[in-house]
Number of protein chains: 2
Amino acid sequence: MDIRNEIPARDIERYFSKALEFSVSARSLILSLLTSGFEVKRKPDNSFVTSADLRVEEYLRELIRRHFPDHGILGEEYPPTNPDAPFQWIMDPIDGTEDFVQRLPTFGSILALHYRGEPVVGLLDHPALDMRVSAAYGLGAYHNGRHVALTDLDPAALDGTERVMLPARANFIKYRDDGRLFDALVRAHPNHRIYRSCFTHACAVTGQADAAVDYGNPIWDFAASRILIEEAGGKFVLVREWNVPSLGRVYGSVMGKPALVDRLVDEFGAR
Amino acid sequence: MDIRNEIPARDIERYFSKALEFSVSARSLILSLLTSGFEVKRKPDNSFVTSADLRVEEYLRELIRRHFPDHGILGEEYPPTNPDAPFQWIMDPIDGTEDFVQRLPTFGSILALHYRGEPVVGLLDHPALDMRVSAAYGLGAYHNGRHVALTDLDPAALDGTERVMLPARANFIKYRDDGRLFDALVRAHPNHRIYRSCFTHACAVTGQADAAVDYGNPIWDFAASRILIEEAGGKFVLVREWNVPSLGRVYGSVMGKPALVDRLVDEFGAR
C-alpha cells in the first residue's frame, strides 16, 4: 500500500492549494528582488549565493511555519526545522543561482511537501518565464493551471532526434569525476539542451523535453520532481547516489517519457 | 579604410531605426502566431519548418521591399532578391525552429543589413523573452534600448568557471563528424549552457555569457552577430568554413569577451 493513502484527500487538496499560494507569493518577491537588486557572494565551494536566496527562503519558511507549525522544513540555506515531523516541506528558493545573477531567465524556485519520505505536492516555478508546473498526489500535474499528460515515445523512434535536457559537464565533475558519463550521454543524445537548473525538470513534466537528466543534486533540487513527473504520466528514477563530505547525500536522476527514461537508465547502468 | 565609412551617418541611423521597426512588427506577428497556432513540417534534411517561419519571412521581405526597393534580401526560406545590390538584408525569421515548435522561449528572430559584405545593422530579437539586442556601425550596441559595453576577462581567471554557451553536439556532427571538437570544448569549459539558437549570441552581446560558440551555420544564422559583438566591445571570429552540398557555405564562429575568444580560437586551432 502507498503510505500516502493515509492522508485524507481533502488534506492533500489543502496542502496543494497552500503550496500554490506560497509559490505565487515567492514569485512576486523574486521578481521584486530582480528589480531592486541583491548582493552576490560565493560560498566556500565557490558556488553563488545571493541575499535573494536567503530572503526568499526566510519568507517561505515564515509562511509555512504560520500555516503548518508542526510540519518540518528543509531548505538549502538554513538548518532544518522539526526534522522528525512526518510532513516535511523541502525547498530550493532559487535554483540556478548563477543564472539568476546573470538574469538568465531559466532559474527556478522549488517547493515540495513530502510525507514520510514520499512526495505529496510539488511545484517548480520560473518567475522570469511565467512558467509554473504543479502536481499533488492523485490530483494530476499542471502547467500554468492546465492539466498535462505525457505521451510516451516509441522506443524505435529513439534515433538521436529525441530531446534530452542535461546539466552542464561541471555537474558531472564537481564532486567526483564522472565526466565520461556526460560524454556518453551527449554522444547518445546529440539533440540536447543544457541548463543548470530545474528548468530541465519542468520541461520534462510538460513534454517540452522528452526527458531530463540531473546529476550530483542534494534532495532539495529534485524534491518536487518525482510527484510532478509521475502525476504527468512519466517515469522518475534515481540512478545514482553517494555521500559528499560537508554536503551530505547527492543523487543522479532521470525523468520523463518512460521509453526514453528506460533507455537512459540502461545507459547509466552500462557505466 | 573601412568600406562602411562610405555610408553617410544619417543613412546608417535611418537603416537602424527602420530595422528596429521591422523587428518590432515581426515580434508582434510571431507572438500572434504562437497564440493562433501554425503548421509544422520536416524539411528534406529532417529539420523543422513551420508555416510561421514562412509567414514571418514573407512579412519582413514585404516591409523591406516597400522601404528599400533597390536593396537585396537573403533569407533562409525563399530565394534571394537583388543578389548583386551593395546593400543586403539578411534574415532568419525564426532561428531555433524546433524550440519554437516546443514553445521553448529561447528561439529568436535574426535581421541584419550588410554593405558590400560588411555588417552595418544587426538585431536579434527573442519575442517570448522580451529580449532584443541591436547595434549599428558606429552607433553602439543595445539591450532592450539600453547601451551595453562588455568588460574583458583576465586571462588568468579562465579556470573553468567562465560561462561559455554552445550549440548541441548535433551541430558538430550534422554535416561532418567534428564531435571531438565539441567534446574538447565542453571539457575545457565545463560551466557551459547549450541552446540551439541565436540566444547564445545575444547573451554574448549582453555579457550574460562570457562567450558563445556556434558551428555549421549558414550566413543568416550569424549575419547580425559580428556588428552586435563588435559594437559592444567584444570580438567576433570565424574559425571554420566549408561547403555543404545543397546548402552552400557554412561556418563556425566564436564571439564574446576578447580574452576568452582568443582562448577558444586557440582551442579550435589545436584540432
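This is a predicted model: local features need pLDDT of at least 70, side-chain atom pairs count only at pLDDT 80 or more; totals for chains, interfaces and linings use all residues.
Student: How do you know that the same surface serves both copies?

Tutor: Of the contact residues of chain B, 100% recur in chain A.

Student: How many residues of chain B are in contact with chain A?

Tutor: There are 20, and they meet 21 residues of chain A. To count as a contact, two residues need C-beta atoms within 7 Å. On the chain B side, α4 (169-173), α5 (179-188) and β11 (192-194) each supply at least two residues. By class, that side has 10 nonpolar, four polar and six charged residues.

Student: What makes A:Leu181, A:Phe182, A:Leu185 and A:Val186 of helix α5 buried?

Tutor: The term requires 20 or more other C-beta atoms within 10 Å of a residue's own. These four residues of α5 (179-188) in chain A are classed as buried, so each of them meets that cut-off.

Student: Why are the buried residues of α5(A) said to line one face of the helix?

Tutor: Seen down the helix axis, they fall within an arc of 130 degrees, so they line one face.

Student: What covers the buried residues of α5(A)?

Tutor: The cover includes β10 (164-166), α4 (169-173), β11 (192-194), β12 (211-217) and α8 (258-269) of chain A. It also includes α4 of chain B.

Student: Into which domains is chain A divided?

Tutor: Domain 1 spans 3-148 and domain 2 spans 155-269. Their C-alpha centres lie 20 Å apart.

Student: How many residues does the contact take from domain 1 of chain A and from domain 2 of chain A?

Tutor: The contact takes 32 residues from domain 1 and 21 residues from domain 2. Among the elements that each supply at least two residues on the domain 1 side are β4 (87-95), α3 (97-101) and β6 (118-126) of chain A.

Student: Which element gives the most to the side of domain 1 of chain A that touches domain 2?

Tutor: β6(A) does, with seven residues. The residues on that side of domain 1 divide into 18 nonpolar, nine polar and five charged.

Note on methods
Residues are numbered from 1 along each chain as its sequence is written. Chains are lettered from A and ligands numbered from 1 in the order in which they are written. Ala, Val, Leu, Ile, Met, Phe, Trp, Tyr, Cys and Pro count as nonpolar, Asp, Glu, Lys and Arg as charged, and the others, Gly among them, as polar. Domain bounds come from an automatic or database domain assignment. A residue is buried if 20 or more other C-beta atoms lie within 10 Å of its own, exposed if 12 or fewer, and partly exposed in between; C-beta atoms are placed from the backbone. The arc is that of the directions from the helix axis to the C-beta atoms.
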